[in-house]
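Got your viewer open and a cartoon view on screen? Let's take a short walk through this one, selection by selection.

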Amino acid sequence: MSMGVRTLLFGVLFYSQAALAFNWCGTLFFSPGTTQPNYMVVDGKLRSYSLYVPPEPVFDSPLLIDFHGFGANSLSESQSSCWRKTAAREGAAVVYPQGKSLVPAWGAGDYCCVGGSENDTAFALMLASCLTRPSVRQWGVTIDANRVYAVGLSNGGAMAGRLACEHSDVFAGAVVTSQSFPFGSSEQCRAIDIHGQQKRAVPVLEARGTVDVIVPYIYSWGWSVPATESLNRWQRAMGCQGPAVYQDICDRPGSGTDCQYGFSWCETYHQCDGGAVVSQCTLIDGHLLYKNNQDYNVCDDGWFMLEQFELMNQDE
């Protein structure tokens with residue numbers, strides 16, 4: 001089916017039902033080794049995303065939902081993000097959601113960004129639900145519902161952090177690149193659920209650049225939190241105890257052979273609720289940390305953390 005026919009089909013469906021707040025997973029389009037556009041309806045709103053399935057799909061593969069930055073789009077994220085290369089090696093699927101509004105954005109918490117909405121959270125939850133439902137298996141895509149992770153850059157990183165805070169029953173971990181803790185206080189993360197239980201803690205890796213002028217490291221323009229305060233909030237939110245462990249970034253799993261010691265570092269809390277970990281990695285670099293001057297791969301490092309906690313999302 002051509003792209004034009006797909007767009008027409010979903011457009012007719014959407015506008016004919018515009019008055020109804022209904023949900024529809026849509027027909028799944030994928031091709032191993034490539035990224036294919038897809039559509040769904042969330043609370044009556046047409047939403048789009050691209051799906052990457054590795055060249056050799058594996059049974060019960062992990063799912064990474066990779067959110068683009070403010071003003072960007074799913075195509076640019078799929079092309080510039082390092083997650084697809086990591087996923088191809090590890091047998092994971094990657095979803096690249098598309099933000100709405102004239103300037104695409106995500107409603108990612110208290111700080112960022114204008115143009116996002118609560119429908120964004122519903123969209124993320126529906127992506128996780130639709131792509132892990134049993135009927136998808138007959139099409140050749142098998143996703144493990146216990147290994148769904150949220151990742152993203154900038155505004156998309158804040159969106160990943162929000163999902164880790166509010167929906168840790170769905171998302172088993174998050175990697176927040178070039179953004180910060182998404183809420184004004186740590187108490188807003190892992191709030192008490194309808195059963196009177198605090199939501200579970202999940203592993204979080206935050207990567208920040210010291211010369212980032214968009215999401216500054218030591219101050220804020222109002223749409224982020226300075227790095228030190230962000231780490232403190234993550235530590236409190238995930239119930240972490242003890243002092244953070246310092247580690248040169250060149251000793252991390254994401255470092256390459258050209259990494260130079262003494263320039264970048266990570267701080268990690270290992271004793272968090274439920275066995276979770278919280279890490280913040282600092283690079284002497286700017287905003288677009290997917291490519292940096294330290295030969296450090298935040299996706300590989302993030303994946304090393306996430307894959308160790310694949311079972312944290314399971315019911316006890």
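Predicted model: local features only at pLDDT ≥ 70, side-chain atom pairs only at ≥ 80, totals over all residues.

Stop 1: Select the strands and trace them in the order S1-S2-S4-S3-S5-S6-S7-S10-S9-S8, an open sheet of 10 strands with mixed pairing. At the edges you'll find S1 (35-42) and S8 (245-248); each has a single partner strand, so one side of each is left without a neighbour in the sheet. Going from one strand to the next, the twist averages 20 degrees.

Stop 2: Pick Tyr246 and look across to S9, where Glu267 is its bridge partner. As background, strands of a sheet pair through backbone hydrogen bonds, either parallel or antiparallel.

**Stop 3: a helix across the strands.** Now select H4, residues 119-132. This helix lies across S1, S2, S3, S4 and S5, and its direction makes an angle of about 115 degrees with S1.

**Stop 4: helix H3.** Select residues 83-90 and show side chains. Which residues of H3 are buried? Trp83, Thr86 and Ala87 are. They sit on the same side of H3, because they cover an arc of only 100 degrees around the axis. To see what covers them, bring in strands S2 (45-52), S3 (61-67), S4 (93-97), S5 (143-153) and S6 (174-177), plus helix H7 (298-307), which are among the covering elements.

Methods: Residues numbered from 1 in each chain as written. Heavy atoms only, no water. Buried < 20%, exposed > 50% of the residue type's maximum accessible area, 1.4 Å probe, protein only. Helix = DSSP H or I, 4+ residues; strand = E, 2+ residues; numbered from the N terminus. Arc of directions from axis to C-beta. Contact = heavy atoms within 4.5 Å. Pairing = 2+ DSSP bridges. Axes fitted to C-alpha atoms, helices over the stretch in contact; angles between N-to-C directions.
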